[in-house]
Amino acid sequence: MILDLRVPLGLMFSLVGLILTVFGLKTNGDAVLYAPSLGINANLWWGLVLLVFGLTMLLLGRRGQKRLENAPPELPEEGQQRRGH
Amino acid sequence: MLNLTAVDWLIMVLYFVFVLGIGFALKRHMKTSKDFFQAGRALPAWICGLAFISANLGAQEVIGMGASGAKYGLETAHFYGIGAIPAMIFVGIFMMPFYYGSKARSVPEFLRMRFDEKTRALNACSFAVMTVFSSGISMYAMARLIQALHVFDGLFHALGWAPEGIFTFSIVLSAAIVLLYIFLGGLTSAIYNEVLQFFLIIAGFLPLVLIGLRNIGGWSGLKAAVPMAYMHEWKGVAHASTNPMGIEIIGIGMGLGFVLGSGYWCTDFLVIQTAMASKNMESARRVPLIAAVPKMLFPFLVILPGILAIGLPTPHSTTVVRNENGVIYHDTTVVSPQVEQGRGLVPAKINPVTGKPMLTASGQPLLDYDMATPNMLLHFFPTGILGLGLTALLASFMSGMAGNVTAFNTVFTYDLYQSYIRKGASDRHYMAVGRWATVGGILLSIATAYAAINFNNIMDTLQLVFSFVNAPLFATFLLGMFWKRATGHGAFAGLIAGTAAAMLHHGLTLPIEARTGVHGGWIAVLHHYPSDMAQNFWGAIFAFGTNFIVAVVVSLATRPRPEAELVGLVHSLTPKPARAHITWWKRPEALAVAVLVGAIAVNIFFY
C-alpha cells in the first residue's frame with residue numbers, strides 16, 4: 001500500500017463535519033430551516049458525529065502512514081515475483 | 001423546488017476535490033501495468049472488502065432498492081439475505097483460492113487458464129460490451145435524476161445558461177471526473193474512491209433513516225403505517241399469491257440465491273477485481289467476507305427509506321387560516337397533482353402529453369417508485385445536510401460507473417488487445433493502452449446514455465440481454481472449479497446453450513398484466529408468471545440448468561486436459577494451503593461462520 005486511505009478519508013470527513021457543525025451552530029434555533037428535520041438541528045448533530053469519525057480516521061491513518069514509510073518493504077508472497085510497488 | 005445554498009455546494013465541491021486529489025496522489029505510483037490494472041496486488045483486505053460492496057452500490061442499488069422497498073416492502077431484503085450473503089461467503093471460502101491462486105489478471109483470463117481460448121474470448125467480449133453499456137445506463141439514470149431533482153437548476157439560472165443543457169452538463173461532469181481519476185490512478189484510485197463513497201453513503205443515509213423513523217413513530221409506528229405484508233421478509237413466501245413480489249420459495253432460493261446471486265457475486269469481474277487486488281491469498285479470501293458484514297446491514301440503509309416513503313402521510317394542498325393581532329392570514333401550501341395522487345412520498349407517474357396521472361390496468365395510479373429515496377432526502381433534510389445527502393447520491397452513481405470502467409479497461413487490454421491484437425509489446429505500451437481504453441470506454445458509455453434518450457426501451461432491452469448472458473455463467477465456473485473432467489468445448493457449448501435457453505424461456509413466458517414484447521412472450525405465450533420477478537428467477541434457473549447439463553454432456557464426449565495442467569485451477573487437484581501459522585479465529589473460515597450466523601439473525605429479525 002502506498003497511501004494510507006484513512007488519511008484522505010479522515011481529512012474529508014473532518015472537513016465535512018466541521019462545515020456542518022459550524023453551519024449548524026450559526027443556524028441554531030432557526031425554526032423554519034429545521035422544520036423538515038422535525039425541529040432537530042440535523043446539521044449540528046450529524047456534523048459532530050462526522051467530525052469525530054473523521055478525526056479518528058485521520059489519527060489512525062497518520063499512524064499507519066508513518067508505519068508504512070518506516071517499515072522495510074513487505075516481503076513478497078512465497079514464489080511470487082513482485083514488480084514495482 | 002430545490003433550494004441549495006452555499007453550504008451544500010461547498011460539501012459537493014469538497015467531495016470532488018478529494019476524489020480527484022486521490023487520483024493525483026496515486027499517479028506517481030503507477031509504474032507498471034500491474035499497478036494500474038491490479039492495484040499492484042498490494043491492498044489490505046478491509047479496503048478491498050469495502051470496495052467490493054461499493055462497486056455494486058451504484059445507482060441501481062441505492063435508487064432501485066429504495067424503489068423496491070416502496071413497492072414490495074421488506075421482502076426486498078431477500079436480495080441481501082438470499083441473493084448476496086451466501087454467494088459472498090461461497091466466493092470467499094471456495095472460489096477465491098482459484099481466482100487469486102491462479103494469478104489470472106481477470107476473470108476471462110481465468111477461463112482461458114481453466115478451459116480454452118474460445119471460452120475466454122466469448123466471456124471477454126460479452127463482458128466488455130456489458131460494462132460499457134452498464135456504465136452508460138448508470139450515467140443516463142444519474143442525469144435524469146439530477147434533472148428531476150433540479151439540482152443544477154439554480155446554478156444554471158445564476159449563470160444564465162439554458163436549462164436544456166443540464167442533462168449534458170451532468171453527463172460530461174461525471175464522465176470527466178471518473179475518467180480523470182481512473183486515468184491517473186487506475187484500479188487503486190477506483191478502489192479508494194469506492195471506499196470513500198461507501199462511508200459517504202452511510203453518512204448521507206443513516207440520518208435520513210433515523211429522522212424518518214422518528215417521524216413515523218419508530219419501528220412500531222412504521223409497522224402500523226404500512227400493510228402487514230410489507231414488514232415481513234419471509235411470511236407468505238411459501239406461495240406466490242401471498243407475498244407482494246409474487247414469487248415462491250423455490251424461485252427465491254434457487255433462482256435468486258443459487259443462480260442469480262452467485263452468478264453475480266462469484267463471477268462478475270466488476271466485484272471480483274477488488275478481491276484480486278488484495279495483498280495475499282488470506283486477504284483475498286477475507287475480502288468478500290468483510291464485505292458481507294456491512295452488506296447485511298444495508299437493508300436498513302437503502303430499503304427502509306423506500307418503506308418509510310410509502311408509510312408517511314401523502315401531502316395534500318392545504319389552507320391554514322390564522323388570526324394574528326386581528327389580521328387574518330391564509331397560509332396555502334399547494335402540492336402538484338402527481339404528489340397528491342401518489343402514495344406517501346412516492347409520486348404518481350404523470351403522462352407528459354395529457355398531464356394526468358398514468359393508471360395501471362386496474363385503474364390505480366401508477367407510482368414512480370424510483371423517486372421514493374430522493375424524495376425522502378428532499379423531505380427531511382434541511383440545507384447543509386441536504387448537500388451531504390445529494391453528494392452521497394452522486395457518489396454512488398459515479399463509483400458504479402468507475403467499477404465498470406476499470407473492469408472494462410482491464411478486460412479490454414489483457415483479454416482482447418494483448419491476446420488478439422498485439423501480443424508481446426512492452427509493459428509500458430499495455431499501460432498506455434489501458435489508459436486510452438478508459439477514455440474509449442467512457443466515450444462509449446456517453447454514447448449509450450444519449451441513445452437511451454432517443455430509444456425509450458433501450459435500457460430495458462439492454463438489461464434483458466445482460467440477463468440472458470449472465471444467467472448461465474455460474475454453472476460454467478462451478479463445473480470448472482469443482483469438476484476436473486469439465487472441458488473447454490463443454491464450457492463453451494454450455495454457455496451458448498444456457499444463453500439460448502434464457503432467451504427461449506423469455507420468449508415463451510409472460511408476467512400477468514404485461515404486454516408481449518420486451519417483457520416476454522415474443523415467440524408465443526405458453527406460461528404466465530405472477531410477476532416479472534418470478535419470470536426473471538425462473539428464467540435464470542432454466543439457463544443455469546441447461547448450461548450445466550449441456551456442459552457435462554459435451555465434456556464427457558470430449559477429451560479432458562491432462563491433470564498436471566489443472567493444478568491450482570481445480571479443487572481436487574490443488575493442494576490445501578498450510579494455514580497452521582494463523583490462529584483459528586483469524587482464518588477466513590471463522591469469519592465466514594460469524595457472517596453466516598449474523599445473516600441468519602438478521603433474517604429472523606425481519607421475519
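This is a predicted model: local features need pLDDT of at least 70, side-chain atom pairs count only at pLDDT 80 or more; totals for chains, interfaces and linings use all residues.
## Chain A

Chain A has 85 residues, of which 31% count as buried. Its secondary structure consists of two helices and zero strands. Among the contacts in chain A with a separation of 6 or more, 74% are between residues 24 or more positions apart.

## Contact between chains A and B

Where the two chains meet, 28 residues of chain A are in contact with 37 residues of chain B. On the side of chain A that touches chain B, the elements giving two or more residues are α1 (6–26) and α2 (42–70) of chain A. The most is given by α1(A), with 10 residues.

By class, this side of chain A has 21 nonpolar, five polar and two charged residues.

## Helices α1 and α10 of chain B

Within chain B, helix α1 (residues 6–27) packs against helix α10 (residues 166–216) at an angle of about 105°, and their axes are 8 Å apart. Because angles of 65 to 115 degrees count as roughly perpendicular, α1(B) is described as roughly perpendicular to α10(B).

From α1(B), the contact is made by Phe16(B), Phe18(B), Val19(B), Leu20(B), Ile22(B), Gly23(B), Phe24(B), Leu26(B) and Lys27(B). The residues of α10(B) in this contact are Ile177(B), Leu180(B), Tyr181(B), Leu184(B), Gly185(B), Thr188(B), Ser189(B), Tyr192(B), Asn193(B) and Leu196(B). Divided by class, the residues of the contact of α1(B) with α10(B) are 13 nonpolar, five polar and one charged.

Methods: Residues are numbered from 1 along each chain as its sequence is written. Chains are lettered from A and ligands numbered from 1 in the order in which they are written. Axes are lines fitted to C-alpha atoms, for helices over the stretch in contact, and angles run from 0 to 180 degrees between N-to-C directions. Helices (H or I, at least four residues) and strands (E, at least two) are DSSP runs, numbered from the N terminus. Angles under 35 degrees count as roughly parallel, over 145 as roughly antiparallel, 65 to 115 as roughly perpendicular and the rest as oblique. Two residues are in contact if their C-beta atoms, placed from the backbone, lie within 7 Å. Ala, Val, Leu, Ile, Met, Phe, Trp, Tyr, Cys and Pro count as nonpolar, Asp, Glu, Lys and Arg as charged, and the others, Gly among them, as polar. A residue is buried if 20 or more other C-beta atoms lie within 10 Å of its own, exposed if 12 or fewer, and partly exposed in between; C-beta atoms are placed from the backbone.
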